[in-house]
Structures are given as structure tokens and as C-alpha cells.
Amino acid sequence: MKRVLFAALAAASFGLPAFAGDQYIDSTGFAVSGYDVVAYRDLAQNPVGSAQPAAVPGNAAYTADHNGATFAFSSAENRDKFAANPDYYAPQYDGHCAYGVSKGGKVPGNPNLWRIVDDKLYLNITKNVVGFWEEDIPGNINLAQGNWPEIEPADASKNVIPNFTSSAPEQG
């Protein structure tokens with residue numbers, strides 16, 4: 001009887017809209033700590049094991065809302081690109097640490113600890129965590145993808161990013 005009830009509930013849930021979790025927002029009040037998520041696509045990505053170039057600060061004069069959060073951009077052009085396809089540019093896991101999600105939790109993502117894999121932007125929380133994540137990027141993404149449906153509806157992390165202070169967004 002339990003199986004029949006569970007199957008009926010599962011089938012009924014397919015018609016419901018998917019619940020999206022909240023973006024990670026820090027004290028800046030902006031997603032991705034006020035950094036321009038479109039600009040990552042123009043940065044030269046360094047090989048695994050090397051630090052990535054610093055993220056590009058957004059500007060408070062160029063913003064767009066997505067998934068309940070305000071994103072800042074360095075230019076009107078980048079804002080418009082984002083507005084045309086926000087899911088392409090927004091970081092995976094609502095801006096939470098990709099390795100943290102692979103381990104089953106939501107912790108903040110540092111905008112300067114990033115990597116684009118298979119055309120998707122991933123953030124991590126600390127340099128040490130980046131090392132663990134880079135030991136098996138495909139395996140960690142696979143684990144995170146498996147964990148995400150269960151943890152996505154949970155509230156966004158309220159933690160601060162260790163050893164990081166955002167200077168973004170710049171004021172327009």
C-alpha cells in the first residue's frame with residue numbers, strides 16, 4: 001500500500017512547478033558578490049591546478065534580476081546578454097560551492113575561485129576546496145548533480161566566504 005501511495009504522490013508531483021532554491025547573496029546584496037557572471041566567458045581559463053584570473057566586478061548601474069536575486073554587470077552589453085539567457089550565465093547550484101554540493105550541502109561560492117566546465121560556471125569556497133574539487137572534476141560534478149535536487153529547495157547559505165571581501169559592485 002505504501003508503494004502505491006508513494007507512486008501516486010510522485011506522479012502527481014510531475015505536474016507541479018519545480019521549486020528553485022535561493023541564490024547565495026552576501027553582504028553586498030548581490031548574487032555572486034556583485035561580480036559580472038557574463039565576464040567569466042571572456043577570461044582566459046587557466047589549467048587545472050592553477051589559479052584562475054580574478055573575477056570582473058560588476059557595476060551597480062547595470063543590473064538584472066534572476067531567480068530572486070540581483071546580478072551586477074560591468075557593462076550594459078553584459079547585462080543584456082545575461083537578460084537574454086540567464087541560465088547560461090548564472091553559476092551552477094545558485095552560486096553555492098560546487099564541491100560543497102558534491103558533499104551534500106550548501107556553502108558560499110567565492111567569485112574568484114571559478115571554473116567553466118562543459119560551458120557551465122562553477123564556484124568553490126576556498127583554495128583548499130578547489131584542490132579537492134579539481135582532483136576529480138567530472139566525478140564531483142556527477143555527485144553534485146545527484147545531490148542538488150534534494151538540497152536545492154533548502155535556504156541559501158547565510159555563511160560568509162572565508163578570507164574574502166567583495167569590492168564589487170562598483171557604484172555607477
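The legends below describe close-up views of a predicted model.

**View 1. A tilted pair of tyrosine rings, Y93 and Y122, joins two distant parts of the chain.** The ring centres of Y93 and Y122 lie 5.9 Å apart and their planes meet at 45°, so the pair is classed as tilted, and it belongs to a total of 9 aromatic pairs counted in the model.

**View 2. Y99 and F132 form a stacked pair between two helices.** Here the ring centres are 6.0 Å apart and the planes of Y99 and F132 lie at 25°, which places the pair in the stacked class because planes under 30 degrees apart are counted that way. Y99 belongs to helix α4 and F132 to helix α5 (residues 127-135), and the two residues are 33 residues apart in the chain. Y99 is buried, with a relative accessible area of 16%, whereas F132, at 45%, is partly exposed.

**View 3. The charged end of R41 is placed over the ring of Y88.** The distance from this charged end of R41 to the centre of the Y88 ring is 4.1 Å.

**View 4. K106 is a buried lysine without a salt bridge.** K106 is found in the loop between α4 and β3 (110-117). The nearest side chain of opposite charge to K106 is that of D94, at 4.7 Å, and this pair is not a salt bridge because the cut-off is 4 Å. The side chain of K106 does, however, reach backbone oxygens: that of A154 lies at 2.5 Å, and that of E152 lies 2.8 Å from a polar atom of the K106 side chain.

**View 5. The largest nonpolar core of the model contains 22 residues.** Among the members of this core, V32, V37, Y40, F71 and F82 are the residues that touch the most other members. Strands β2 (69-73), β3 and β4 each supply at least two residues of the core, and β2 gives the most, with 3 residues.

Technical notes
Residues are numbered from 1 along each chain as its sequence is written. This is a predicted model: local features need pLDDT of at least 70, side-chain atom pairs count only at pLDDT 80 or more; totals for chains, interfaces and linings use all residues. Side-chain values use heavy atoms; hydrogens and water are left out. Rings of Phe, Tyr and Trp (its six-membered ring) pair if their centres lie within 6.5 Å; planes under 30 degrees apart count as stacked, over 60 as edge-to-face and the rest as tilted. Helices (H or I, at least four residues) and strands (E, at least two) are DSSP runs, numbered from the N terminus. Buried means under 20% relative accessible area, exposed over 50%, partly exposed in between (1.4 Å probe, protein chains only). A charge sits over a ring if NZ of Lys or CZ of Arg is within 6 Å of the ring centre and within 35 degrees of the ring normal. Lys and Arg count as positive and Asp and Glu as negative; His and the chain ends are not counted. A polar contact is a pair of N or O atoms within 3.5 Å; within protein, one must be able to donate a hydrogen and the other to accept it, and residues adjacent in sequence count only if both atoms are side-chain atoms. A nonpolar core is a set of buried Ala, Val, Leu, Ile, Met, Phe, Trp, Tyr and Cys residues joined through side-chain atoms within 4.5 Å.
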